[in-house]
Amino acid sequence: HRRIIMTSRPKAEPTPDNFRLEEGPVPKAGAGEILVRTKYLSLDPYMRGRMSDAASYAAPVEVGGLMQGELVGEVVSSDNEKFKVGEHIAGHLGWQSHAVSNGKGLRKLDAGQPLAPSLGVLGMPGMTAYTGLLEIGQPKAGETVLVAAASGAVGQLVGQIAKLKGARAVGIAGGPEKCRYVVEELGFDACIDHKAPGMAEHLKEACPKGVDVYFENVGGPVFEAVFPLFNFFARMPVCGLISQYNMTELPAGPNKVPQLFRAVLTKRLTIRGFIVWDFAAREADFRRDMAAWVKSGEIKHREHIVDGLENAPSAFIGLLRGENFGKTVVRVAPD
Ligand code: NDP
């Protein structure tokens, strides 16, 4: 039994010494419980928030406690009539090779369902893209939808759903390889490299009719370049602000709040933050639509697979730096 413990809270960017690999005997399932062997562990930017004790919508990980996260795994022993040995489940059971659960909150996977995508396109990031874009963004045919972190777990889906709704999809991603993938493989109309000089100009050229929906994943300089491009009645689902997660102090420079609110007023912008489970009522719709789109090939998806639970900390640190290319998962045991 291997587990990753948080040994200290990161001050800015997490470092390897914030984590420790602990080994011990495999736990046993008790009465009414099941034992799960982890196959894939999901790594997600929100975990940076759980490592901090700042007030948030979810309780932090305790120092000395197991890192939290969702995994897919196989039931290897069961004293619970709802779960049979050999079935696969997804659940929030933490960064560990084996987990004991009473079954509460677990989602059963269909037999033969691919495992890693169950944590991405067919899991929480998929639901985030689907609900944030459709409920708040509400893209219409002919409109321009812009999304940041466009090759990532959520962003890659946002642009493709926008295209399915008849909108023009423009991405923002870090580096030429990611941008090429977003356009050539995922079918976005354009993708701008936020690491190359002239991002603001390039964005303007890629959005000649302005921006009707901006799906915000990053904040910071990317948002500042997008903000002047908003059309009247534009919508901005605020999904994440990853450029700020490791931030320790406010950036220097002029206070742009007055300009922002002037634009909100005069352009009648809708800026709305959300957490995926705000839209739990749409889960059945998401599962139906996304499964159909993946099956038909209308939605493509890419996973960034890292081997070995011991590599979860470095993969997580890399995720916050943009070193992932697609939905980040750790392969803990072979499929
Ligand atoms: P991704 O797979 O997109 O990985 C994160 C990506 O963010 C990196 O690959 C990198 O891409 C980009 N990035 C990192 N730092 C910066 C920066 N300073 N400026 C611009 N881009 C940066 O992660 P997810 O798809 O899982 O998550 C995307 C966002 O959605 C996150 O902010 C996350 O917190 C949020 N989220 C919110 C949910 C909710 O319920 N509200 C649920 C799920 C996710 P690149 O190389 O292209 O720059």
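The ligand lies between domain 1 (2-120 + 301-331) and domain 2 (125-279), because both domains give residues to the shell around the ligand; the domain bounds come from an automatic or database domain assignment. This is a predicted model, in which local features need pLDDT of at least 70 and side-chain atom pairs count only at pLDDT 80 or more, while totals for chains, interfaces and linings use all residues. Residues are numbered from 1 along each chain as its sequence is written.

**The shell around the ligand**
- The ligand is surrounded by 32 residues, of which Gly152, Gly174, Gly240, Ser243 and Gly322 are the closest; a residue is near a molecule if its C-beta atom, placed from the backbone, lies within 6 Å of it.
- At least two residues of this shell are supplied by each of H2, helix H6 (220-226) and strand S15 (327-331), where helices (H or I, at least four residues) and strands (E, at least two) are DSSP runs, numbered from the N terminus.
- Sorted by class, the shell holds 16 nonpolar, 13 polar and 3 charged residues, with Ala, Val, Leu, Ile, Met, Phe, Trp, Tyr, Cys and Pro counted as nonpolar, Asp, Glu, Lys and Arg as charged, and the others, Gly among them, as polar.

**The two domains**
- The centres of domain 1 and domain 2, taken over C-alpha atoms, are separated by 29 Å.
- In domain 1, 15 residues are in contact with 14 residues of domain 2, and contact here asks that the C-beta atoms of two residues, placed from the backbone, lie within 7 Å.
- The side of domain 1 that touches domain 2 has 5 nonpolar, 5 polar and 5 charged residues.

**Helices H2 and H8**
- The axes of helix H2 (residues 124-137) and helix H8 (residues 283-296) come within 10 Å and cross at roughly 105 degrees, the axes being lines fitted to C-alpha atoms, for helices over the stretch in contact, with angles running from 0 to 180 degrees between N-to-C directions.
- Gly126, Met127, Tyr130 and Thr131 of H2 make the contact with Glu283, Phe286, Asp289 and Met290 of H8.

**The whole chain**
- The secondary structure of the protein chain comes to 9 helices and 15 strands.
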